[in-house]
Amino acid sequence: MYKVFVNDIPIILSTKKEIGEKYSAFPIKTVKLKQIIQKINDGELLYVNLYHKNEEKLFKHLLKKLPVVTAAGGMVFNENKDILFIYRNKRWDLPKGKTEKSESLEESAIREVEEETGVQDLEIVRFIRKTYHIFKRKDKYRLKVTHWYEMKTSYTGELIPEHSEGIKKAKWKNFAKTQKALTKSYANIKLLFPKEYLTTHPKDRVA
């Protein structure tokens with residue numbers, strides 16, 4: 001099963017036609033995807049299931065309908081176990097960006113984090129997961145596939161948000177502040193975090 005986000009609404013890709021009473025089901029092979037996306041954007045559809053009996057073909061059919069943009073980014077921890085966030089478009093996000101042809105996904109992730117935040121001395125710890133979301137550019141819908149990596153750094157210098165990319169802030173956030181930031185983040189970013197970050201405990205609330 002895949003979750004492909006249109007804004008914060010997930011389109012479910014599954015091998016089952018019926019996944020819940022609320023869901024409208026469409027065969028992914030023949031669905032008119034642009035119409036589905038438009039209805040989601042208009043608030044007419046909130047629960048969508050695109051299905052195919054063969055799991056391997058689910059994503060292949062999606063790729064036939066949308067051009068893909070490959071991106072990479074990082075969830076960066078410092079020595080205090082704080083997490084590095086950026087603030088853009090009135091949401092807290094994690095640094096990421098489009099990969100270049102000459103670089104690996106890992107190289108792309110490190111470069112994008114450095115460019116967007118000014119952090120240095122990054123080391124990749126592990127691959128976390130891929131996330132998927134649909135966006136519109138030049139009147140065409142595209143599928144962004146982002147490869148996320150956990151990183152660590154001992155950097156204690158100044159953070160410099162990349163203003164040319166619309167980033168207003170780059171901030172380290174502890175556990176409690178991360179919980180608060182995630183209430184003003186994106187659904188696909190929340191997928192990267194363990195459940196304890198998504199539950200706000202009274203003792204951890206930040207005014």
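**Loops, helices and buried positions in a predicted chain**

Glycine 166 is found in the loop between strand S10 (140-152) and strand S11 (167-173), where helices (H or I, at least four residues) and strands (E, at least two) are DSSP runs numbered from the N terminus. The structure is a predicted model, in which local features need pLDDT of at least 70 and side-chain atom pairs count only at pLDDT 80 or more, whereas totals for chains, interfaces and linings use all residues. Residues are numbered from 1 along each chain as its sequence is written, and side-chain values use heavy atoms, with hydrogens and water left out. With a relative accessible area of 28%, glycine 166 is partly exposed, a class that lies between buried (under 20% relative accessible area) and exposed (over 50%), as computed with a 1.4 Å probe and protein chains only. When neighbours within four places in sequence are left aside, glycine 166 is in contact (heavy atoms within 4.5 Å) with Tyr87 and Arg88. Tryptophan 148 is 18 residues from glycine 166 in sequence, and the C-alpha atoms of the two residues are 21 Å apart in space.

The secondary structure of the chain comprises five helices and 11 strands. Its radius of gyration, 18 Å, is close to the 17 Å that the globule rule gives for 207 residues, so the chain is as compact as a globular protein of that length; the radius is taken over C-alpha atoms, and the rule is 2.2 Å times the number of residues to the power 0.38. Along the principal axes, the C-alpha atoms fill a box of roughly 55 × 45 × 30 Å. Buried residues account for 45% of the 207 residues, and of the contacts between residues at least 6 apart in sequence, 67% join residues at least 24 apart. The chain exposes about 12,100 Å², of which carbon and sulfur atoms supply 47%, the accessible areas coming from the Shrake-Rupley method with a 1.4 Å probe, with only the protein chains shown counting as cover for residues. There are 42 positive and 27 negative side chains, and the centres of the two sets lie 8 Å apart; Lys and Arg count as positive and Asp and Glu as negative, while His and the chain ends are not counted, and the place of a charge is NZ of Lys, CZ of Arg, CG of Asp or CD of Glu.

In helix H2 (residues 55-65), the buried residues are Leu58, Phe59, His61 and Leu62. These residues cover an arc of only 155° around the axis, which puts them on the same side of H2, the arc being that of the directions from the helix axis to the C-beta atoms. The exposed residues Glu56, Lys60 and Lys64 are carried on the face of H2 turned away from its buried side. Cover for the buried residues of H2 includes strand S1 (2-6), S2, helix H1 (33-41), strand S4 (48-51), strand S9 (123-137) and S10. Within H1, Leu33, Ile36, Ile37 and Ile40 are buried. They cover an arc of only 100° around the axis, which puts them on the same side of H1. An α-helix has 3.6 residues a turn, so residues three or four places apart point the same way. Just after H1, glycine 43 takes a positive phi of about 80°.

Valine 6, in strand S1, is buried, with a relative accessible area of 2%. Not counting residues up to four places away in sequence, valine 6 touches Ile11, Ile37, Ile40, Asn41 and Ile134. Isoleucine 19, by contrast, lies in the loop between strand S2 (9-14) and strand S3 (24-27) and counts as partly exposed at 33% relative accessibility. With residues up to four places away again not counted, isoleucine 19 touches Ile12, Ser14 and Asn49; asparagine 49 is 30 residues away in sequence, at a C-alpha to C-alpha separation of 7.6 Å.

Positive phi values also occur at two lysines. Lysine 90, in the loop between strand S6 (83-88) and strand S7 (91-93), has a phi near 65°, a positive value in a residue other than glycine, and is exposed, with a relative accessible area of 71%. Lysine 138, found in the loop between S9 and S10, has a positive phi of about 55° although it is not a glycine, and is exposed, with a relative accessible area of 72%.
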